[in-house]
Amino acid sequence: MHATLPLLESHRFPPLRREAITTLQVNLGYRCNQSCVHCHVNAGPGRTEMMDADTLALIPRVLAARAIGTLDLTGGAPELHPGFRALVREARALGVRVIDRCNLTILSEPGQEDLAEFLAEHGVEVVASLPCYAADNVDRQRGKGVFERSIAGLLRLNALGYGQAGSGRVLNLVYNPQGPVLPPDQARLEADYRRELAAQFGIVFNQLFALANMPIQRFGSMLISKGQFNAYMALLQASHRDENLGAVMCRTLVSVDWQGRLYDCDFNQQLGLPLGAEGALTSAQGHDDSDAAARSGRLHLRDLLAGDLAGAPIRVADHCFGCTAGSGSSCGGALKA
């Protein structure tokens, strides 16, 4: 695995500052039933990192303390964490919107046979990876047989009302390009997905999110191996749009790793760029929480019980151009339609 951080740290990305937290995005662990080429987490079946019970128990407390409206669960495959379902129940009991970033094949894994019904029962929004509506492209990126299992998962979710008009059960799909290119226009691609999935399988969904591939971890290493890293970075930088800066997800989202440590986004988490403690955390009264900074020099989930991050500087590097290039890219898809 080639290291990408040394190629990104000397950057020209504009400075940014945080607003109030509206989304807590939690990585429950890196274990996954798949190993995808584009995966910026480098997840897979052999990964053992997993959030412990004490850290997991902090999540509902932080949601309540900071009045955070959305809990975004990711991994790996977050559903493989033994505490996933209990956490969903607690968050929903608080009235929090819960998003499950689902790879679809997890729905047919042994021991997960009732997962789809659980998600439907608790009103969990599903954001499902489907990098193409053609079998060959999906299997090339995600592994042999993944497309067939993904379609089966989508049909099962549709049967439970997901993606159906008026059901209230939200099913959004995620597209990633096959290589070092920007995603196409999201609206046009969504229309293609709707047409092809409906015609071939009778599948419906709510929205399509078109995400740019980040030049980090597995994908970044592949680019280096193929001699394409510099060209891709040049493309991202040349396609930067200042108007996307106001909508980037790191302004209102905080990312939490499996150990409870805080980051400005999931990509910084995977690069090992923690949210800086110095001057970052403010109490409800607006004063610096120097105790948190002094304790370890890094902020932890527990620190959000007493303080907020509004106004704190966001840690940036050259990979951030992946979020502002073209139509922009975030966990919710394009920033500019």
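The second largest cavity in this predicted model holds about 120 Å³ of space. A cavity here is a set of points on a 1 Å grid over the protein atoms alone where a 1.4 Å probe fits but cannot get out; grid points are joined across faces, edges and corners, and a volume is the space filled by probe spheres set on the points. Counted this way, there are four cavities of 30 Å³ or more.

As for ground rules, residues are numbered from 1 along each chain as its sequence is written, and side-chain values use heavy atoms, with hydrogens and water left out. Since the model is predicted, local features need pLDDT of at least 70 and side-chain atom pairs count only at pLDDT 80 or more, while totals for chains, interfaces and linings use all residues.

Turning to the sheet, eight strands form an open arrangement in the order 7-6-5-4-3-2-8-9, with mixed pairing. Strands (E, at least two residues) and helices (H or I, at least four) are DSSP runs, numbered from the N terminus, and two strands pair if DSSP finds at least two bridges between them. Strand 7 (207–210) and strand 9 (262–263) each have a single partner strand, so one side of each is left without a neighbour in the sheet. Helix 6 (residues 186–201) packs on the sheet, touching strand 6 (171–175) and strand 7 (contact means heavy atoms within 4.5 Å). The direction of helix 6 makes about 130 degrees with that of strand 7; axes are lines fitted to C-alpha atoms, for helices over the stretch in contact, and angles run from 0 to 180 degrees between N-to-C directions.

Strand 3 (residues 70–74) and strand 4 (residues 97–102) run parallel, joined by four bridges, and Asp72 has Ile99 of strand 4 as its bridge partner. Asp72 also forms a salt bridge with Arg101, the closest N and O atoms being 2.9 Å apart. That pair ties strand 3 to strand 4 across 29 residues. The structure holds eleven salt bridges, each a side-chain nitrogen of Lys or Arg within 4 Å of a carboxyl oxygen of Asp or Glu.

Arg101 turns up again at the largest pocket, being one of the residues closest to its centre, along with Thr23, Arg97, Cys331 and Gly332. This pocket, an open set with protein on both sides within 12 Å along at least five of seven lines, holds about 290 Å³. Strand 4 gives the largest share of the lining, three residues.

Two backbone details stand out in loops. Gly75 and Gly76 are joined by a cis peptide bond, with omega about 20 degrees. Leu104, in the loop between strand 4 and helix 3 (115–121), has a positive phi near 75 degrees.
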